[in-house]
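Student: I would like to learn how to read a structure like this one. Where do we begin?

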Amino acid sequence: MISRIDHVSIAVKDGDRALRFFMDLLGAVPGAAASDPVMKYRWQIFSLGDLSRLEVIYPTDEGSFLANFLKNRDG
């Protein structure tokens with residue numbers, strides 16, 4: 001039986017827009033964040049109350065693996 005999910009990660013094309021959305025809509029509180037210059041993406045963790053956490057990842061360069069992954073997806 002699963003007792004807890006640590007976090008859910010969501011890949012988005014526009015990081016700034018997504019971060020504002022989650023803070024404004026869900027009241028998400030930003031926590032740790034970092035960039036990976038080699039893989040060309042950034043991540044941001046949010047707390048959603050109790051022990052729930054949400055991670056938003058987004059590309060920092062058009063040629064990154066994440067930009068390529070998101071290229072043909074809506075959102």
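Predicted model: local features only at pLDDT ≥ 70, side-chain atom pairs only at ≥ 80, totals over all residues.

Student: Where does Lys40 lie?

Tutor: Lys40 lies in a loop, between strand S2 (29-36) and strand S3 (41-47).

Student: How are S2 and S3 joined, and in which direction do they run?

Tutor: The two strands run antiparallel and are joined by six bridges. As one example, Ala34 has Trp43 in S3 as its bridge partner. S2 and S3 form a hairpin with four residues between the strands.

Student: Is Lys40 buried, partly exposed or exposed?

Tutor: Lys40 has a relative accessible area of 32%.

Student: Which residues make up the largest nonpolar core?

Tutor: The general idea is that in soluble globular proteins, nonpolar side chains tend to be buried together. Here the largest nonpolar core has nine residues: Val12, Ala18, Leu19, Phe22, Ala28, Phe46, Leu54, Val56 and Tyr58. Helix H1 (15-26) and strand S4 (53-59) each supply at least two residues of this core.

Student: What does Val12 touch, leaving out residues up to four places away in sequence?

Tutor: With those left out, Val12 touches Ala18, Val56, Ile57, Tyr58, Pro59 and Leu70.

Student: How far apart are Ile10 and Val56 in sequence and in space?

Tutor: They are 46 residues apart in sequence, and their C-alpha atoms are 5.0 Å apart in space. Ile10 is found in strand S1 (residues 8-11). Not counting residues up to four places away in sequence, Ile10 touches Phe22, Leu54, Glu55, Val56 and Ile57. At 29% relative accessibility, Ile10 counts as partly exposed.

Student: Which residues form a nonpolar patch on the surface?

Tutor: Phe21, Leu25, Leu26 and Leu48 form such a patch, and together they have about 380 Å² of accessible area. Take Leu25, which lies in helix H1. Leu25 counts as exposed because its relative accessibility is 56%, and the cut-off for exposed is over 50%.

Methods: Residues numbered from 1 in each chain as written. Heavy atoms only, no water. Buried < 20%, exposed > 50% of the residue type's maximum accessible area, 1.4 Å probe, protein only. Core = buried A, V, L, I, M, F, W, Y, C linked by side-chain atoms within 4.5 Å. Contact = heavy atoms within 4.5 Å. Patch = residues over 30% accessible without salt bridge, like charges linked within 9 Å, V, L, I, M, F, W, Y side chains within 5 Å. Areas by Shrake-Rupley, 256 points an atom, 1.4 Å probe, with all protein chains shown as cover. Salt bridge = Lys/Arg side-chain N within 4 Å of Asp/Glu carboxyl O. Pairing = 2+ DSSP bridges.
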